[in-house]
Amino acid sequence: PIQKRVYANSGKLLERAKKTIPLAAQTFSKSYLQFPEGRLPQFLTHGDGAYVFDADGNRYVDIVNALLPNILGYRDPDIDDAIRRQLSSGISFSLATSLEADLSERLIKHIPCAEMVRFGKSGTDVTTAAVKLARHVTKYEQILLFDGGYHGWNQWGHTKRLPINDMSLVEAELQMGFFAAIIIEPEQATKEFLVGLRELCTIHDVVLIFDEIISGFRFHMGGIGAMTGVKPDLACLGKSMGNGMPISALVGRKDLMQEFDKCFYSGTMFGETLSIAAAIATIDKLERENVIEYLTTEGARLGQDVRLLVERSGLHDVIKLKGRGPCVRLSFHDEDPRSGAATKEQIRTLYMQEMAQAGVLVANCHGISFAHREPELKRILSAYDYTLGVIGESLLVGDIEKRIEGNTVVPLVREA
């Protein structure tokens with residue numbers, strides 16, 4: 001049975017945080033704009049394996065996983081032990097440490113395009129560094145992006161977006177303009193499109209950048225580049241690489257990466273050792289225990305089971321699933337236009353609200369971890385069964401607005 005959860009402490013903490021923190025959170029996608037007030041938690045206190053606990057003591061199966069970094073789950077013992085061991089020696093130092101080479105060598109081992117490595121703390125650090133490097137070596141400013149791609153919060157300027165997987169448009173742009181780089185999240189593209197991009201970038205001397213912040217170490221140990229055999233000039237990694245610790249990496253061709261001697265990129269905390277130690281331990285465990293194979297198999301099975309539930313509920317026009325097993329994405333669509341029809345934001349809000357009431361914390365994708373086992377996967381499906389029933393009934397009756405007990409989510413920074 002579904003028991004209505006209360007969020008008294010979350011509400012108090014939210015009001016307190018609003019007084020000193022814009023959006024009351026450090027991350028847009030973790031704020032009340034994306035996890036609306038009402039029947040959703042606002043603050044978490046701790047995590048354990050596949051579960052998180054909110055400020056009111058409610059427990060959830062978590063398939064947000066901190067926006068995907070926690071690939072092994074919360075408090076993984078191997079990663080926590082590596083952090084504690086390094087903590088006994090220190091965190092940040094006045095010079096470099098050998099850990100930097102240890103991690104760099106692992107990245108070069110697994111990622112085909114990696115010949116040299118630089119670290120950052122966030123995805124935005126390394127995507128921005130990649131763009132800066134491309135502009136430095138080509139002497140051009142224009143950057144080509146694709147619809148649906150999110151490459152961080154930085155505004156680079158001199159950018160142009162195109163529909164993804166349309167090679168004729170890319171070819172026309174490269175023939176007319178002078179571009180420094182093309183940057184793409186390769187998991188959203190077809191292999192044929194990536195092959196075509198590689199050929200065009202080579203012909204036009206444009207730097208090809210793969211943004212593998214999400215796909216790196218979640219879809220394949222070597223990323224989408226290794227899966228497709230398409231080698232970019234530069235690749236950006238993060239999230240799953242450190243199981244929740246703040247670390248990212250820019251890897252690529254030696255001749256390009258050596259230009260950082262002239263193209264300034266530096267950060268006091270880029271060599272911070274706890275995150276590097278965590279990344280080393282994470283990569284070693286991913287390799288040792290075939291984690292990505294597990295995520296691929298179980299994630300695909302979960303996605304297929306949810307698709308069947310969506311079809312059975314008659315909601316296939318408003319809720320769609322796409323993507324690979326380790327990160328199946330959901331997209332929400334407006335109801336058929338009519339008086340009082342539900343918007344995609346309302347449908348997504350009700351979805352998140354009712355999944356939370358059923359004990360599952362979710363945003364807009366299945367970010368499963370190695371800690372999600374059969375009991376958790378069954379719980380997720382049970383929550384879907386309940387939630388889709390509520391959504392279907394609300395659309396039939398036309399009372400979705402009344403069922404949402406807080407604000408409605410604002411549009412996503414990126415669509416699924």
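Mentor: Helices here are DSSP runs of H or I, at least four residues, and strands are E runs of at least two, numbered from the N terminus. This is a predicted model, with pLDDT of at least 70 needed for local features and 80 or more for side-chain atom pairs, while totals for chains, interfaces and linings use all residues. Residues are numbered from 1 along each chain as its sequence is written, and side-chain values use heavy atoms, without hydrogens and water.

Trainee: At what angle do the axes of helix 2 and helix 9 cross?
Mentor: Roughly 150°, and the axes come within 8 Å. Axes are lines fitted to C-alpha atoms over the stretch in contact, with angles from 0 to 180 degrees between N-to-C directions. Helix 2 and helix 9 are therefore roughly antiparallel (over 145 degrees).

Trainee: Which residues meet there?
Mentor: From helix 2, Ile79, Ala82 and Ile83 are among them; from helix 9, they include Leu274, Ala277 and Ala281. Contact means heavy atoms within 4.5 Å.

Trainee: New topic. Which residues have the most contacts inside the largest nonpolar core?
Mentor: Leu107, Val170, Ile182 and Ile319, in a core of 105 residues. Such a core joins buried Ala, Val, Leu, Ile, Met, Phe, Trp, Tyr and Cys through side-chain atoms within 4.5 Å. Buried means under 20% relative accessible area, exposed over 50%, partly exposed in between, with a 1.4 Å probe and protein chains only. Apart from that core lies another of 24 residues, including Val131 and Leu250.

Trainee: And what does Ile182 touch?
Mentor: Its contacts include Leu144, Phe146, Val170 and Leu208, leaving out residues up to four places away in sequence.

Trainee: On to sheets. What is the strand order in the open sheet of three strands?
Mentor: 11-12-14, with antiparallel pairing. Strands pair if DSSP finds at least two bridges between them. Strand 11 (319-322) and strand 14 (365-366) are the edges.

Trainee: How many bridges link strand 11 and strand 12?
Mentor: Four. One partner pair is Leu321 and Leu330. Helix 11 (residues 344-357) lies across both strands, at about 130° to strand 12.

Trainee: Last one. What do strand 1 and strand 2 form?
Mentor: A hairpin, with two residues between the strands. Gly49 in the turn has a positive phi of about 65°. His46 has Phe53 in strand 2 as its bridge partner.

Note on methods:
Parallel < 35°, antiparallel > 145°, perpendicular 65-115°, else oblique.
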